[in-house]
Amino acid sequence: MKKILYLLTALSLSFISCNKVLDVSPVDSVSADAAIKDKVGVQRALTGSYNALQSVGLYSRNAIAIGDLSADNLTWTGTMLEYGQIENKPIPSENSIIEGMWAASYDGINRVNNILVKLPSIPDLTPEESDAYEGEALFIRALLHYYLSGYFGGVPIRIQPTLDLSNIDIARSTLTQVYDQVITDLTAAKAKLPGDKLDGRANTFSASALLAKVYLAKFQLTGEKAMADLAISEAGRVITEGGYSIVPSFTGLFDPATPSAESIFEIVYDVQNYNRLAQYFYSRDLSGRYEFAPTTGLIQSFEVGDVRLNASVAYDAKARPYGIKYNDISGGADRVYVFRLAEMYLIRAEALAYSDGDITSIQADIDVIRNRAGLENTKAADIPGLKIAVQNECRHEFAFEGHRWSDLVRTKTAASLLGIDEKYTLFPIPLAEMQTNSLMKPNDGY
Amino acid sequence: MRKTTLLLLMFTFFISSLWAQTIPVSGTVTSATDNLPMPGVTVQVKGSQKGTITDINGTYKLDVASNATLVFTFIGMKLQEIPVDGRKTINVGMEEERVDLGEVVVVGYSTTSKKLISGSVGTVNENELKNIPMRTIDGVLQGKAAGVSIVQNSGTPGGQNSIKMRGGSSINASNQPLIVIDGVPTITGSFGQIGYSGQEIDAMSDLNPNDIESFTILKDASATAIYGSRASNGVILITTKKGNTQKTNVNLNTSYGWQTMPAERIPDLMNAAQWNEFKGTDIQGTDTDWMKEITQVAPTSNTELSVSSGNDKTRLFISGSYYGQDGTVRATSFDRYSGRINVDHKLLPELTIGGGVSMTYSKNNRVEGDQTLYGPLPNALSIPAIYPVYNQDGTYNEDSPYANPVAIINETVNVAYTNRNNGNIYLEYKCRNGFTFTSKWGADIYNLREHEYDPITTAQGLKYNGLGIEGTSYVSNLVGSNVLQYVKSIDKVHNFEALAGISFEKYARRTTYIEATNFPNEDFQYITSAATIRAASAYALDRGMTSYFGQFKYNYMYKYIFTLTARADGSSKFGENNRFGYFPAGSFAWRLSEEPFIKGVSAISDLKLRSSIGFTGNDGIGDFASLGLYDGGYNYNQQAGIAPTQLPNPDLKWETTLQTGFGIDLGLFNDRISLIADVYYNRTSDLLLARPLALSSGFTNITANIGEMENKGVEFVLNTDNLKGDLSWTTSFNFSANRNKVIKMYNGQPITDQGRGNNWVMEREPIGVFVGYVCLGVDPTTGNLVYEDLNGDGSITADDRKIIGNPNPDFTLGLTNTFGYKGFDFSFFLHSIYGNDIFNGTRIYIEGPTDLDNQTTSVLRRWQKPGDVTDIPRIGDDLKSSRFIENGSFLRIKNVTLGYTLPKDLLKRIYMKSARIYVSGQNLYTFTTYSGMDPEVNYASTDNIIMGTDFFTYPQSRIILVGLNIGF
C-alpha cells in the first residue's frame with residue numbers, strides 16, 4: 001500500500017508542468033501601438049520629447065560646450081580626449097562626442113515625429129490642445145534640425161517617424177533645404193502655439209525667436225534681403241509683444257533659484273533630472289572636473305568695466321580661470337537657456353548691419369545689451385565697425401552658452417578668426433552614420 | 001611401381017596413425033555463477049575449423065587428437081582454452097566477462113559509464129582542485145579542462161571572470177556556459193546596480209567549490225543538446241559531495257596565505273625628481289609613491305569542515321566553510337560563509353528520496369573600478385609624485401587632477417552583501433523491470449544588497465555634500481523536472497537506454513534603487529538621514545521556460561554506441577510565432593578496443609572513436625527583444641514622459657548552432673597513458689545581432705537574426721602515469737586551439753569601435769579584432785607621432801585604419817606534473833595563453849605623454865628637440881593605434897605545491913585517518929613581454945566584443961599559502 005502511495009505521489013508530481021510560465025509581459029515598457037492613444041499618451045510623449053533635449057549630446061552638455069570649445073572661447077583642460085579632438089581640427093569622424101550630438105538630435109526628432117503622425121487620430125483633444133501640442137512638437141523638430149545644421153551642414157531631413165525598417169536610410173539635404181524645412185515647421189508652430197509662458201516649454205515667441213535666428217542664418221547664407229527683413233520682424237515681434245524684459249542684473253540670469261523674465265525658452269533641470277554642467281566647468285579645487293576652461297583670448301577681449309567678465313569667469317586658488325555660469329555642483333539644477341531676450345536684440349542688430357540698415361537702430365540695439373553690462377554706448381559708427389561690435393557683444397553676452405561657433409560660421413569669419421581651413425568649418429558626418437546609411441555622403445575634407 | 005606402393009603404404013600408415021590418436025571427448029558446459037547448463041557455447045579445436053556447439057543440456061561431443069586444445073567461447077563470457085591431454089571428459093564452467101566500462105559519470109539527467117560516452121565530455125574531480133587558493137568555481141577550474149577558457153579579467157576579489165567554451169557561440173547573446181549544480185541550473189552573471197564599470201560582482205562567486213565532488217564538462221551537441229536552448233555554449237555539470245554508505249569521514253581543510261601585487265609588474269612611474277625634470281618645475285618636499293600608499297600584503301584564508309556519513313539506507317553530507325580574501329588594493333575584500341547539507345535516503349528498496357540545501361552569506365568590499373574618476377587604482381597610477389597624501393593640517397590633499405585615492409579607500413563605504421540559498425529535493429523510483437522515474441525540484445535564490453556612501457571627506461562626496469546609494473536585487477530561479485528512464489540489456493549484446501522528460505523554469509528578478517545627497521555629516525551613512533532624494537526606482541522582470549526532451553542510446557556489445565537526443569524549448573523571450581525551438585543531436589562511437597584485432601594488441605587498453613552532430617540553441621538575449629516598445633522614465637520638469645526605445649521585429653527567433661566533431665580516446669599500457677583528442681566545427685547561424693541602423697533614424701540598432709559565425713578547433717588532454725612505485729610521477733597536459741570567424745553580418749556592415757581599444761566585429765575576421773591607425777613612430781623633426789596614410793590621400797582620417805591586432809588566442813594550455821615520494825607530494829601547474837593581442841589603454845594616458853597624469857619613466861626619453869630619434873613623442877595624441885597593441889602571450893607558473901602526508905601509524909595514535917600539510921604558491925611568476933600589469937586582462941568583464949583591453953585594471957596577485965588537510 002505504501003508503495004502505491006509513493007508511486008501515485010511521484011506520478012502526480014510529473015503532471016505539474018507550467019505552460020503559464022511562458023506568459024510574461026514587460027514591466028517597464030508599453031507596446032509601441034498602445035503608447036500614444038489618448039490625450040495622456042500625447043502628453044507623456046511630449047514630455048519625453050522635451051526630455052530628449054536634456055541629453056548629454058544636447059543641452060545637458062555638448063550643445064553648451066562644443067559651441068565654445070570648437071571655437072575660441074573654451075580650451076580643453078580635462079581628461080576626456082575626445083574634447084581635445086574637437087578643439088584641434090580636423091575632428092576624426094569616429095569621435096564619440098559628435099556622434100552623440102547627432103544621435104541625440106535624431107532621437108528627439110523621431111520622438112516628435114511619432115506624436116505628429118498620431119495627433120490627428122487622438123479622440124479626446126480639443127482643437128486648441130491639439131494645436132498647442134502640434135506646435136510644441138514642430139518647434140522641437142525645427143530646433144533639432146537647426147542645431148544639427150549648425151555643426152554638420154546639410155543633414156537628412158526627417159519628417160516621418162521610424163516605425164519599422166522600411167525606408168530607414170535617407171539622403172542629405174542641402175543647407176538651404178534644411179533651413180526651409182525649419183522655417184516651414186516654425187511658421188506653423190508660431191501660429192498654433194499659445195502666448196502663455198510655460199516653465200521650460202515652448203510658446204509662440206519661442207517659435208519666433210528661433211525663426212529670427214534661422215532667417216538670419218539663411219540671409220547670411222544666400223544674401224536674400226527678404227530674409228534679413230523677416231529676421232528683423234520676428235525678433236521685433238518677440239521684443240515688443242513677448243512681454244519679456246532685459247533683466248537688470250546679469251548675474252541674476254544664472255541663479256537657478258531666480259525666475260528669469262528674460263527667458264524665452266529654457267531647459268529646466270531639477271535634482272532628479274539634473275545636468276553636470278557645473279561639474280564640467282568648475283575647477284578641481286572646488287570639486288569640479290575642470291574639463292574646459294575659458295581661453296585667455298576670451299578673457300582679454302572683454303572691455304574694462306564689463307560686468308559680464310566677472311559674472312562669467314572666476315579664478316580658483318591657483319589663479320586658474322573657470323566658467324561660472326553654471327554653479328549647482330551638488331544638485332545639478334542649473335537652467336540652460338535656449339533663447340533669452342538679449343539675443344533678439346543682437347539678431348536684429350546683425351541683420352540690420354549686414355543688410356546696410358539704419359546705423360542708429362543698430363547702435364540702439366547694441367546699446368541695450370552693452371548698458372545692461374555696465375558699458376557705455378558703442379563707439380562704432382559705420383557698418384564694418386558695427387559688424388564687429390555685434391560679434392563682440394555676442395561673444396561677451398553668450399560666453400559658455402554654446403553660441404560662438406555658429407556665430408562665426410554664420411558670419412563666415414570662422415576660418416580666418418580661428419586659423420583653420422575653410423572645409424573644417426563643418427564637422428565630419430559621424431562614422432557610425434556613414435557606415436550604416438547607404439545614402440549618406442561625407443563632408444568635404446573628411 | 002614398387003616405390004609408389006611403398007609411398008602409399010607409408011601414407012596410409014601415417015594417416016591411420018593419426019586416426020589412431022583421436023579420442024572422443026565430451027562434457028558439459030555450465031555457467032560458473034549459477035551452475036546451470038549453457039547451450040550454444042562454441043567448442044572449437046584450436047588451430048582448426050573443427051568444432052561444435054553445446055546442446056540444450058550444455059553437453060558437447062567431439063573427436064579430437066589427444067594433444068589438441070579445445071577453445072570454449074560464448075558472448076559475454078571469458079574465453080577458455082583447455083588442452084585435452086588425453087582426457088575423455090572435460091567439463092567447463094564459463095565465467096562472466098566483466099566489461100570494464102570505466103567510472104560512472106553524470107551527464108544530463110542521467111549517469112553513464114565513461115567508456116560508453118559517444119559525445120565529447122571532460123571531467124575534473126576534486127583532487128585536482130584542492131590546492132588552489134582561489135576558492136570560486138571559475139577560479140578552481142582555470143586551466144584544468146581542455147576547451148574551457150577561463151580568463152580572469154582582473155584581480156578584484158569576487159570579481160567576474162569570462163568563461164568560454166570552444167570560442168563562445170555568440171556575439172550578442174551570452175557566451176557563458178550553463179552551470180548546473182545537482183541538476184538545478186544556477187543563476188550566474190552580475191546583478192549589481194551600482195556601476196563599477198567593468199568589474200562587476202559575479203553571482204558565481206557565492207558558490208562554494210569546497211563542496212564539489214566533480215565537474216563534468218559537456219562540450220559538443222551530442223552531450224549538451226539535452227539542455228537545448230541554453231546549451232550552445234557548453235554545459236558544466238557540478239556534482240556536490242554526498243555521504244557514503246560505508247563509513248563516516250570527517251574532513252577539516254584549512255589554509256592561510258598572503259597575497260601581493262607583483263612588484264615587478266607595476267609600471268615604472270616617475271618619482272618627484274623625474275617629474276620635475278619632465279615638467280621643468282622645481283617642486284620640492286614631496287615624493288609620494290601612490291601605488292605603495294594604496295596597496296598592501298593581503299591575507300586570504302579558507303577553512304572548511306565536512307562530515308560524510310551514512311548507512312546502507314541513508315547518506316549524509318554536512319559542511320561548513322569560510323573563505324576570505326582581502327584585496328591587494330586596500331579596502332577591497334571578499335568574505336564568504338557557507339554551509340551545506342546533502343541527504344539521500346532509501347524509503348523502500350526501489351524508492352530513494354533526498355535533497356540538499358546550501359546557504360551562503362558573502363560580503364564584498366569594493367572600490368570603484370577602472371572606468372571612473374574615483375577609482376583608487378587608476379588614480380594611484382595617474383597622480384604625479386609631487387602631490388602629498390595629506391595636507392599640513394591633516395586633511396586629504398585634493399590638488400591633483402584626480403581624487404585622492406587614499407581618501408577614497410579610507411573614507412568611502414562600498415559594500416555588497418549577498419544571501420544565497422540553493423537547494424533541491426528529489427524522488428527516484430527504480431523499478432526492477434528497468435524503469436526509473438526521477439522527479440526533481442530546485443530553487444536558487446539570490447539576494448544582493450549594495451550600499452555605497454561617499455562622505456564629504458572624499459572628493460566625490462564633497463561635490464554632493466555626501467552621496468548615498470542603496471540598491472537591492474532579488475533573483476530567483478525555480479526549476480522542476482520529471483524524467484522517466486528505461487534501461488534494458490538483451491544478453492549484454494543489445495543494450496538500450498531511453499529517457500524522456502519534462503521540465504520548466506521560472507525566473508524572477510526584482511530590484512530597487514535609491515540615490516540621495518545632502519547628508520548632515522560623515523557619520524550618517526544611510527539615506528534615511530539625507531535631505532535630497534536624487535533618484536529612486538524599482539523594477540520587475542519575469543521569465544519562463546517549458547521544455548520537453550528525450551534521449552535514446554543503443555550499443556551493440558558495448559562496441560558500437562549510438563546516441564540520439566532531442567529537446568524542445570519554449571521560452572517567454574520570443575513572440576507567439578517562434579516560441580518553441582527544437583534541438584536534435586546524434587552521435588556514434590566505436591570502441592575499437594573491444595574488437596578482436598585490437599584486443600590482441602596488449603599495449604592498447606582503450607581505443608574509442610567518436611563522432612557527433614547536433615543543434616543547440618542560445619536564449620541569452622533581452623527578454624522582449626521582438627516587440628516595438630516605448631519606455632517610461634523620460635521625465636521632464638517633474639512630469640512623467642515616455643519615448644520609443646525599440647523597433648519591432650516579429651520574426652525574431654532563437655540562435656542555433658550546428659555543432660559537429662570527431663574525437664578519439666586512446667589508452668595505452670593499461671591506461672598508463674591516456675589521450676583524449678577532439679576536433680570540432682561549430683557554426684552559429686541566425687546570430688542575434690544588433691544590426692546597426694542609421695543614427696538619423698532615431699534608433700541605433702535593431703536586434704535581428706542576421707549573422708553567422710564559426711568556431712573550429714582542436715583539443716586534447718594527455719594524462720600519463722610516468723613512474724609508479726616509491727617515486728611516482730604523473731603528468732596531465734591539456735591543450736586547446738580555437739579559431740573563430742564571423743562569416744556573415746547584415747549587408748557586411750561591421751559593428752565598430754566598441755570599448756576603449758576599438759574592438760570590431762566584421763566579416764571574415766575573428767570577433768573583436770582591434771582596428772586602428774598604424775603608428776610608424778616619431779618624426780625626428782617635429783616630435784609628433786607619424787601614422788601610415790593607407791589610402792594615400794594626404795591626410796590621416798578614419799579611412800586610414802586597419803586591423804592591428806586580435807585578442808583571441810592562438811592556443812591555451814595547462815600542464816600539471818605531480819610527484820610523490822614517501823609521503824611527500826609535489827606538483828606544479830603551468831598555464832599559458834599564447835597568441836593574443838592586448839590593447840594597453842593605460843599607456844595612452846601614462847605614456848602619451850599627456851599633460852596631467854603621472855608618466856612612466858620611459859617618457860624621460862621623449863623627443864625634446866629636432867634631431868632626437870626616439871619612440872616616445874613630444875606630446876601624445878589620442879589616436880588608437882598600433883602603438884598600444886602588445887602581444888599578450890604569457891606562461892604563468894600558476895601553482896606550485898609541496899605537501900607531506902603524515903604516516904598512518906603515527907596518526908592512528910591520535911585517532912586521525914589522514915593528515916597532510918602543504919605549502920602552495922599561486923601565480924608565482926609570469927613570463928610575458930606584455931608591459932602592463934597583467935597579461936590576463938579585460939576591463940570590460942565578460943563582454944563578448946570588448947576583449948583584451950587593459951585600462952588601469954586591477955592585476956592578479958601572487959599568493960603564498962600554507963594549509964592542512966585532516967581526515968578523521
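Reader: Why is N422(B) called buried?

Author: In this predicted model, N422(B) has a relative accessible area of 6%. The cut-off for buried is under 20%, so N422(B) counts as buried.

Reader: Where in chain B is N422(B), and what does N422(B) touch?

Author: N422(B) is part of strand β22, residues 413-430 of chain B. Leaving aside residues up to four places away in sequence, N422(B) touches I181(B), T186(B), L207(B), G356(B), V357(B), S358(B), A443(B) and D444(B).

Reader: What makes N422(B) and D444(B) a polar contact?

Author: Their side chains are joined at 3.4 Å. The limit for a pair of N or O atoms is within 3.5 Å, so the pair qualifies as a polar contact.

Reader: Why is G783(B) called buried?

Author: The relative accessible area of G783(B) is 0%. Buried means under 20%, so G783(B) belongs in that class.

Reader: Where is G783(B), and which residues does G783(B) touch?

Author: G783(B) sits in the loop of chain B between β39 (775-778) and β40 (785-787). Not counting residues up to four places away in sequence, G783(B) touches V778(B), W863(B), P873(B), R874(B) and I875(B).

Reader: How many residues of chain B count as buried, as a percentage?

Author: The figure is 56% of the 968 residues of chain B. The secondary structure of chain B comes to 11 helices and 49 strands. Along the principal axes, its C-alpha atoms fill a box of roughly 130 × 70 × 70 Å. Among contacts in chain B with a separation of 6 or more, 69% are between residues 24 or more positions apart.

Reader: How do you know that chain B and chain A are in contact?

Author: The contact takes 81 residues from chain B and 82 residues from chain A. Contact requires heavy atoms within 4.5 Å. The area buried between the two chains is about 7000 Å², and carbon and sulfur atoms give 60% of this area. Y630(B), Y636(B) and L695(B) supply 12% of the area that chain B buries against chain A, more than any other three residues.

Reader: What makes E94(A) and R801(B) a salt bridge?

Author: The closest N and O atoms of E94(A) and R801(B) are 3.9 Å apart. The rule asks for a side-chain nitrogen of Lys or Arg within 4 Å of a carboxyl oxygen of Asp or Glu, so this pair is a salt bridge. Across the interface of chain B and chain A the rule finds 2 salt bridges.

Reader: How many residue pairs are in polar contact between chain B and chain A, and which element gives the largest share of the chain B side?

Author: The count is 23 residue pairs, with both residues at pLDDT 80 or more. Strand β26 (residues 532-556) of chain B gives the largest share of the side that touches chain A, with 11 residues. The residues of that side divide into 44 nonpolar, 22 polar and 15 charged.

Reader: Why are strand β1 of chain A and strand β30 of chain B said to pair?

Author: There are 3 bridges between β1 (residues 29-31) of chain A and β30 (residues 629-632) of chain B, and the strands run antiparallel. Pairing needs at least two bridges, so these strands pair. V30(A) has Y630(B) as its bridge partner in β30(B).

Reader: What is noted about the backbone at S287(A) and A319(A)?

Author: S287(A) has a positive phi of about 70° although it is not a glycine. A319(A) has a positive phi of about 60° and is not a glycine either. Most residues other than glycine have a negative phi.

Reader: Are S287(A) and A319(A) buried or exposed?

Author: S287(A), in the loop between α11 (277-281) and β4 (292-294) of chain A, has a relative accessible area of 12%. That is under 20%, so S287(A) is buried. A319(A), in the loop between β5 (313-315) and β6 (321-323) of chain A, has 56% relative accessibility. That is over 50%, so A319(A) is exposed.

Definitions and conventions:
Residues numbered from 1 in each chain as written. Chains lettered and ligands numbered in written order. Heavy atoms only, no water. Buried area = accessible area lost by both parts, 1.4 Å probe. Polar contact = N/O pair within 3.5 Å; in protein donor to acceptor, adjacent residues only side chain to side chain. Helix = DSSP H or I, 4+ residues; strand = E, 2+ residues; numbered from the N terminus. Nonpolar A, V, L, I, M, F, W, Y, C, P; charged D, E, K, R; others polar. Buried < 20%, exposed > 50% of the residue type's maximum accessible area, 1.4 Å probe, protein only.
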